[in-house]
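I opened the notebook with two topics in mind.

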Amino acid sequence: TGGDDAARTVVVGTEPTFPPFEMKDENDVTVGFDIDLFKAIAEDQGFTPDFRDVGFDSLIPSLNSGQIDVAVSGMSITEERQQTVDFTDPYVNAGLVIATRPDTGIGGVDDLAGRQVGVNIGTTGATAAEELAAEGKIGGVQTFQDVGLSMEALVAGKVDAVINDKPVSETYAKSRPDKVIILPEVLVADDYGMAVRKGNTELLETLNAGLANVKASGQFDTIQDRWFGDDA
Ligand code: GLN
């Protein structure tokens with residue numbers, strides 16, 4: 001095959017239903033903030049990214065079995081995950097919020113008692129809801145495969161609230177302003193990191209160096225403006 005030796009390929013797992021971080025465009029191509037950021041890091045560091053769709057709850061197992069090299073998927077840095085993977089430097093501040101419908105009367109976490117709450121499998125939102133349920137502060141937790149499905153269940157009245165990441169919940173709320181509202185309270189604040197196999201220091205250092213360069217060059221801000229506009 002022609003050309004120079006191909007640059008090293010890094011296999012990236014992402015769960016592409018998490019707008020504006022990762023989602024499919026009309027041609028079924030994965031696009032979003034995380035994708036543009038990772039491409040900029042790859043270009044800076046001279047490697048080729050190969051993006052693969054992976055269910056959110058399969059990202060860490062796929063890393064550890066060697067099917068992917070890095071998970072870039074709006075993944076929050078948590079102590080629990082740090083037991084099994086290594087995270088890059090944080091690149092986004094996020095946190096969990098409650099989405100509800102205007103008709104539920106839910107105004108905060110204390111109003112979730114007896115209510116059905118939707119969450120997405122394997123996420124920090126699911127962990128938070130399960131903890132609240134264990135304390136009797138939630139009627140029941142319903143787990144969905146992705147945010148689109150949990151939000152549909154909210155709109156359809158199958159659940160009365162969804163606990164999920166603020167930027168993504170806000171994106172959904174904007175597309176259904178009459179049906180979905182986001183409560184102001186942040187239940188748990190966190191940061192996103194890119195996850196690599198534990199001990200893969202070489203890739204971790206490459207990604208951190210690329211992230212620092214992309215921030216210093218102003219590309220990070222350009223990407224942020226592209227996907228978050230005035231909200232950034
Ligand atoms: N940030 C959340 C987590 O890490 C949700 C991520 C996601 O659904 N892509 O669990």
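**Ligand site**

I looked up Ser 76 and found an N or O atom of its side chain 2.8 Å from a nitrogen atom of the ligand. I count a pair of N or O atoms within 3.5 Å as a polar contact; within protein, one must be able to donate a hydrogen and the other to accept it, and residues adjacent in sequence count only if both atoms are side-chain atoms.

This is a predicted model, where local features need pLDDT of at least 70, side-chain atom pairs count only at pLDDT 80 or more, and totals for chains, interfaces and linings use all residues. Residues are numbered from 1 along each chain as its sequence is written, and side-chain values use heavy atoms, with hydrogens and water left out.

I checked Asp 165 next. An N or O atom in its side chain is 2.6 Å from a nitrogen atom of the ligand. Ser 73 uses its backbone: an N or O atom there lies 2.9 Å from a ligand nitrogen.

How much of the ligand does the protein bury? Alone, the ligand exposes 290 Å², and the protein buries 99% of that. These accessible areas come from the Shrake-Rupley method with a 1.4 Å probe; for residues, only the protein chains shown count as cover.

**Domains**

I noted domain 1 as 9-91 + 193-231 and domain 2 as 94-189. The bounds come from an automatic or database domain assignment. Their C-alpha centres lie 25 Å apart. Each domain gives 14 residues to the contact, meaning heavy atoms within 4.5 Å.

I looked up the buried area, the accessible area (1.4 Å probe) that two parts lose on being put together, summed over both. The domains bury about 1,100 Å² between them, 59% of it on carbon and sulfur atoms. Phe 18, Pro 19 and Asp 57 supply 39% of domain 1's share, more than any other three residues.
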